[in-house]
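Please walk me through this model, starting with how its chains are arranged and then turning to the parts within a chain.

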Protein chains: 2
Amino acid sequence: MNPASFTRRQFCKTTTLAAASLPFFNVPTAKAGQPGKKLGFALVGLGSLSTNQIAPALQTTQYCHLAGIVTGTPAKAVKWKQQYDIPDKNIYNYDTLEQMADNPDIDVVYVVTPNALHAESTIKAAKAGKHVLCEKPMEISVEKCEQMIAACKQAGRQLAIGYRLHFEPNNLECVRLARSKMWGDLKMIDAGFGFPIGDPTQWRLKKSLAGGGCLMDVGIYALQATRYLSGEEPVSVSAISTVTDPVKFKEVEESITWQLEFPSGLLAKCAASYRFPGMEGFTAYAESGWWKLDPAYGYSGISGQRSDGQTIDLGHIDQFAAEMDNFAHCIIANQPTSVSGEEGLRDVKIMMAIYEAARTGKAIDLT
Amino acid sequence: MNPASFTRRQFCKTTTLAAASLPFFNVPTAKAGQPGKKLGFALVGLGSLSTNQIAPALQTTQYCHLAGIVTGTPAKAVKWKQQYDIPDKNIYNYDTLEQMADNPDIDVVYVVTPNALHAESTIKAAKAGKHVLCEKPMEISVEKCEQMIAACKQAGRQLAIGYRLHFEPNNLECVRLARSKMWGDLKMIDAGFGFPIGDPTQWRLKKSLAGGGCLMDVGIYALQATRYLSGEEPVSVSAISTVTDPVKFKEVEESITWQLEFPSGLLAKCAASYRFPGMEGFTAYAESGWWKLDPAYGYSGISGQRSDGQTIDLGHIDQFAAEMDNFAHCIIANQPTSVSGEEGLRDVKIMMAIYEAARTGKAIDLT
């Protein structure tokens with residue numbers, strides 16, 4: 001609820017980001033360019049995100065390396081073992097995950113399963129004494145998020161959520177523009193993320209596994225944008241969700257719009273969809289100017305414009321590498337992660353309120 | 001409520017627009033290129049819109065000419081009389097307006113006063129036997145709109161609302177793209193219009209004259225866009241309004257967001273503001289593509305993009321000339337205007353529901 005809270009966060013920065021571009025973040029004084037031990041990461045869930053993004057990123061990280069895997073599919077274990085030279089003792093399934101307690105090779109467990117399985121793996125990993133990095137959305141209910149936070153706290157281990165855009169230079173530049181107030185106070189944010197979803201049998205369309213539809217999967221990026229751009233927490237939300245293809249969208253929303261009010265009087269209008277392409281950015285409107293990223297959320301190609309005609313194009317980094325290096329650095333330096341379980345919980349609370357608002361037709365008080 | 005109703009409207013087209021670009025409109029067969037009598041227009045209210053846009057446009061129209069004025073400011077009467085060679089007998093004030101009944105020079109009264117004075121002048125003009133073109137928003141309450149419609153009906157005269165964008169080629173192209181379904185069904189519309197308002201003493205900031213703030217003045221363009229792009233009437237609306245400068249915005253909203261649900265399941269997220277620049281367009285998202293105008297609503301400079309990389313840039317027309325020629329042509333051809341009082345009333349009804357939604361925090365049923 002404190003508008004200035006974001007600016008005071010202790011962001012554990014790796015050298016991946018130019019500190020000069022981030023005057024509002026406190027950068028640790030530890031020399032990030034002199035890594036010692038690399039932390040061992042175990043990936044839980046070997047779907048396309050692990051396969052195509054996270055494992056390749058782990059080949060480029062400064063502070064981490066791919067040490068182990070957790071999979072329920074033996075054929076994947078064989079393939080990954082060969083491809084990444086993973087010893088048998090570092091290969092687990094969901095039933096044996098807790099045995100990691102005896103394995104010093106693994107420091108961090110990165111949970112990349114369907115949403116509704118995040119808590120189970122996170123809690124097992126915490127009990128095994130591991131730090132946990134968990135993909136977004138954190139979980140499918142407030143209660144499960146709270147259980148994850150409690151488990152990690154009890155184990156004395158850190159819990160981070162995979163908010164890769166917190167480490168993405170163009171998004172950070174947009175945050176900097178907001179904080180600088182070079183065009184005055186923020187007055188409105190427009191943010192949306194949609195794409196036409198493919199395979200109708202995938203887990204993202206099953207409520208028991210995904211917890212919801214496009215809001216949980218991609219709407220969370222638009223919600224995050226309103227929160228990190230503003231540095232405020234919303235006080236009220238109203239929403240409308242819709243399904244026009246009830247065969248494909250039997251269980252979850254197809255499209256959704258929501259609007260947020262913030263303590264300063266800032267408003268945000270947001271949307272998410274599984275039904276159409278092209279909505280993948282945000283625009284921030286301040287008293288005398290605006291700035292936007294479009295696209296804003298991809299693994300690469302992020303760029304934007306400002307009302308003064310300048311472009312926002314600070315180049316491309318491997319966001320997964322940055323996210324993992326940041327978490328590893330926080331663990332090594334014994335500093336709290338900025339993308340904490342509490343941060344993940346805040347989004348889940350708001351998303352649950354968005355669903356309640358859509359269901360009831362009433363604005364939901366978030367204070 | 002009929003999604004196809006827009007496509008069946010009898011748009012009275014002037015030759016200002018290329019009929020070839022509008023296959024979904026029925027173009028009158030009357031030869032528009034052979035005008036006979038030009039209808040005499042009297043302007044009511046000689047503010048900046050009349051001075052800078054409408055009077056100059058009347059110098060270029062095919063079917064109309066500036067015949068008279070109605071003003072409460074004698075000095076303006078002197079200036080306009082000289083500039084446009086207006087005879088004394090065609091110069092009225094608000095008290096003498098009804099005496100137009102005896103003046104055959106004046107066929108149409110164009111009401112360009114503050115919003116809350118529209119009904120009074122419209123009803124007087126109708127009683128004087130004149131057709132009426134009235135600026136948007138039609139009035140500040142549903143009741144006053146209904147009184148205007150009834151007065152014109154009783155007098156057997158046409159009533160049109162100044163929806164100039166119904167005659168603007170780039171907006172019409174966007175409607176055509178929606179109707180063509182070349183990218184499938186429309187699934188979401190994003191529309192907004194904001195600007196930082198100047199002079200704090202102007203009538204637009206007084207509730208008694210404006211009826212509301214940015215929604216009534218510029219939000220109506222975003223609302224209109226959702227309706228003419230979709231060809232549907234919304235069934236539900238929720239909204240949030242805000243004031244961050246209570247000195248300037250003592251009486252009316254500073255910024256507002258609203259979201260609409262349509263019968264097909266289409267959603268729209270919209271905004272208006274008197275507080276920031278740069279929000280002045282719309283984007284339409286269909287199943288496999290999108291198209292946008294940015295800016296969409298200005299007197300000139302309207303252009304946009306499509307998801308296939310093509311630009312939308314059908315050039316510039318004088319929208320006020322097109323709007324007035326269209327109305328004159330409808331009167332001459334004895335065809336109903338497409339931008340009727342009923343069309344104006346629909347927007348006012350929805351805007352009143354938007355205010356009620358913002359006030360109550362509840363979605364308002366529009367069916």
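In this predicted model, chain B is superposed on chain A by a rotation of 180° with 0.0 Å of shift along its axis, and the RMSD is 0.0 Å. The two copies are thus related as by a two-fold rotation axis. The residue of chain B that comes closest to this axis is B:Lys362, whose C-alpha lies at 2.3 Å. Both copies use the same surface, since 100% of the contact residues of chain B recur in chain A.

The contact between the chains draws 36 residues from chain B and 36 residues from chain A. On the side of chain B that touches chain A, at least two residues each come from β7 (186-194), β8 (236-242), β9 (255-261), β10 (267-273) and β11 (280-286) of chain B. Of the elements on this side, β7(B) gives the most, with five residues. Sorted by class, the side of chain B that touches chain A holds 13 nonpolar, 16 polar and seven charged residues.

Within chain A, there is a division into domain 1 (5-164) and domain 2, which is made up of 169-315 + 343-365. The C-alpha centres of domain 1 and domain 2 of chain A are 25 Å apart. Their contact takes 22 residues from domain 1 of chain A and 25 residues from domain 2 of chain A. On the domain 1 side, helix α4 (residues 142-155) of chain A contributes the largest share, four residues. This side of domain 1 of chain A, where domain 2 of chain A is touched, has 14 nonpolar, five polar and three charged residues.

How values were computed. Residues are numbered from 1 along each chain as its sequence is written. Chains are lettered from A and ligands numbered from 1 in the order in which they are written. This is a predicted model: local features need pLDDT of at least 70, side-chain atom pairs count only at pLDDT 80 or more; totals for chains, interfaces and linings use all residues. Domain bounds come from an automatic or database domain assignment. Two residues are in contact if their C-beta atoms, placed from the backbone, lie within 7 Å. Ala, Val, Leu, Ile, Met, Phe, Trp, Tyr, Cys and Pro count as nonpolar, Asp, Glu, Lys and Arg as charged, and the others, Gly among them, as polar. Copies are superposed by least squares on the C-alpha atoms of residues with pLDDT of at least 70 in both.
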